[in-house]
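Me: Could you walk me through this model, one feature after another? I would like the general idea each time, then the case here.

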Amino acid sequence: MTSQPAGAVARALKERFSDLVLEESVDGWPVATVPRPAWAGACRKAREMGLNFLASLTAVHYVDDKEMHVVAHLYRIDREGRLQDRLVLKTRLPDAVGESLPSVASIWPAASWHEREVYDMFGITFEGHPDLRRILMEADFDAHPLRKDFVDRKPNLGVSRQTLAKDAASKR
Amino acid sequence: MVPGDAKEERGANGALAPAMAQGVDELEAIEKLEDGSKFLELSMGPQHPSTHGVLRLAVRLDGEQVTECKVDIGYLHRSFEKFAETWQFPQLAPFVDRNDYLAGTLNEHAYCLAVERLLGLEVPERAEYIRVIMAELNRIGSHLIWFGTFAMDLGATTAFLWAFGARERLYDLNEVVTGGRMFPQFFRLGGVRNDFPPEFFPMVEKTLNDLEKSLAEYHGLVTGNPIFRARTQGIGHLSAEQAIAYGCSGAMLRGSGVPYDVRRADPYSIYDRFEFDIPVGENGDVYDRYIVRMREIEESIKIVRQALDGYPRKGPITAKLPRRLKAPQGAHVYAHVESPRGDLGVFIVSDGTDQPYRIKWRAPSFSNLQAVEFLAPGLMVADLVALVGSVDVVLGEVDR
């Protein structure tokens, strides 16, 4: 494999996707933000360009901006164990439970559990995911805890859910 | 890990791990298929010694062969990421110890690195040396625990007791320097809490010398053992491409022949100053992961010795911190270190206050464990135990 300078994939993606916004994070990672319809295509292109290692895929809930960002951290690791390239790939979704995004688990199998975790914690669903279930919370849990508008509840001590919800609403 | 149920007789191949017999009682269902064959659905865990804490494997068996394996996690979920959003940056440093509870120092290193990059803090050289020495000692301790529990998974109780004896010495070192044993709570943003006390230096020298002798004994006891080899060689084969695709790192990836080590691939702290090798395996099986970790102990000993030689006796051990920490608005950082289990990453998003807006803990065990679902089909039940053992999973960081 030929060695590429870090950030090469980011620049190539910029050429391929005209509406991609390229920035740099405070610690020097290239950050590419793509519009939502281009998510799957950008991921596939990034994989083709050699970003073969999905380190993390997560979401951030910006409650004031009414937005959710899905953020993936990608590396390219070659057979000699060198970290050849890196990229933060982002997209924006409107703020609502049940918003969906195409799954990238077929591109990086590693994404499977990460997407389940994002679904569990933020309520974003992934189309085409092989097995989209909650992963950390119990199966019958009815909220998405890492959303900023999540209302913490005391364990059920005989008080009905409605009472607690009313209680929480009055405090807000 | 209670060695109470090790009474059962085992076959020539160590066919059924002793504790597995309990699992059979927890039989969930025998399903009859159209062709008359029977499948057994077995729930291994969550309270099962060979599942290392609280991991549940929902296994479907054909005879003694695994046809499907679903990993069920979340039993140790403590909402770390949610909790972290309500605390200030310096307050959180001791708490991250609890994620990977066998390698507290490494967790603190990753967290402090991320926050320091976010705030633009410079760590003094002396503090970097102290950090590296403590991190490598912690890595040795973690690998020793893994060695002991892994050998016990395969039925070797002696190795378990020996490894825990040796680990105790490393925890004594932790105690002398930090006051804590499992949870050192030692790293501070921009440095470390205190200097080494004078009694530390002779103690660490003796511990490392003794450890080198013990390692030779471990190899004599376990590595050359034909039963051990039969149970580990050729089991759970993971190719380099698969390991990368499944996001595996640490000994899982190096066992498959890719010498990816964050200390070398993306050097942080002062790791670029030390000479050390990155052991790799050839076949990517359970045995290779074992050999890689055992050799990593030797490499860590090398790093500690070099760091002790170069350790500057004078100088500050913490950076000057502003009275009130304020991260840049909207900034985010991702820092990663090589933890005993692999590539440990911390992603922090800031909203311009002294609290993190969002923290994502990229736990290496989380990704490594994913590969079990893919590797398990076709294995015998006893080999599944060896496979899960070889992943070196710490549920504290998987579930967070």
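Reply: Happy to. Let us start with a pair of strands: six bridges join strand β8 (residues 342-351) of chain B to β9(B), and the two run antiparallel. Strands and helices here are DSSP runs, numbered from the N terminus (E, at least two residues, for strands; H or I, at least four, for helices). Two strands pair if DSSP finds at least two bridges between them. This is a predicted model, in which local features need pLDDT of at least 70 and side-chain atom pairs count only at pLDDT 80 or more, while totals for chains, interfaces and linings use all residues. Residues are numbered from 1 along each chain as its sequence is written, and chains are lettered from A and ligands numbered from 1 in the order in which they are written.

Me: Which residue is the bridge partner of B:Phe347 in β9(B)?

Reply: That partner is B:Lys360. In the hairpin, four residues lie between β8(B) and β9(B), and B:Gly352 takes a positive phi near 85°.

Me: Why is strand β9 of chain B described as largely enclosed?

Reply: Burial is a neighbour count: a residue is buried if 20 or more other C-beta atoms lie within 10 Å of its own, exposed if 12 or fewer, and partly exposed in between, with C-beta atoms placed from the backbone. Seven of the seven residues of β9(B) (residues 356-362) are buried, so the strand is largely enclosed by the rest of the structure.

Me: How do I read a nonpolar core, and which residues touch the most other members here?

Reply: Such a core is a set of buried Ala, Val, Leu, Ile, Met, Phe, Trp, Tyr and Cys residues joined through C-beta atoms within 7 Å. The largest one has 167 residues, and those touching the most other members are A:Leu74, A:Leu89, B:Ala114, B:Val372, B:Leu384 and B:Leu387. Helix α5 (residues 125-153) of chain B gives this core its largest share, 16 residues.

Me: What is B:Val372 in contact with, beyond its neighbours in sequence?

Reply: Contact means that C-beta atoms, placed from the backbone, lie within 7 Å. Leaving aside neighbours within four places in sequence, B:Val372 is in contact with B:Cys69, B:Val71, B:Leu387, B:Val388 and B:Val391.

Me: How many residues of each chain are in contact across the two chains?

Reply: On chain A there are 28, in contact with 37 residues of chain B. β3(A) supplies the largest share of chain A's side, six residues.

Me: And what are the model's overall scores?

Reply: The ipTM is 0.82 and the pTM 0.84.
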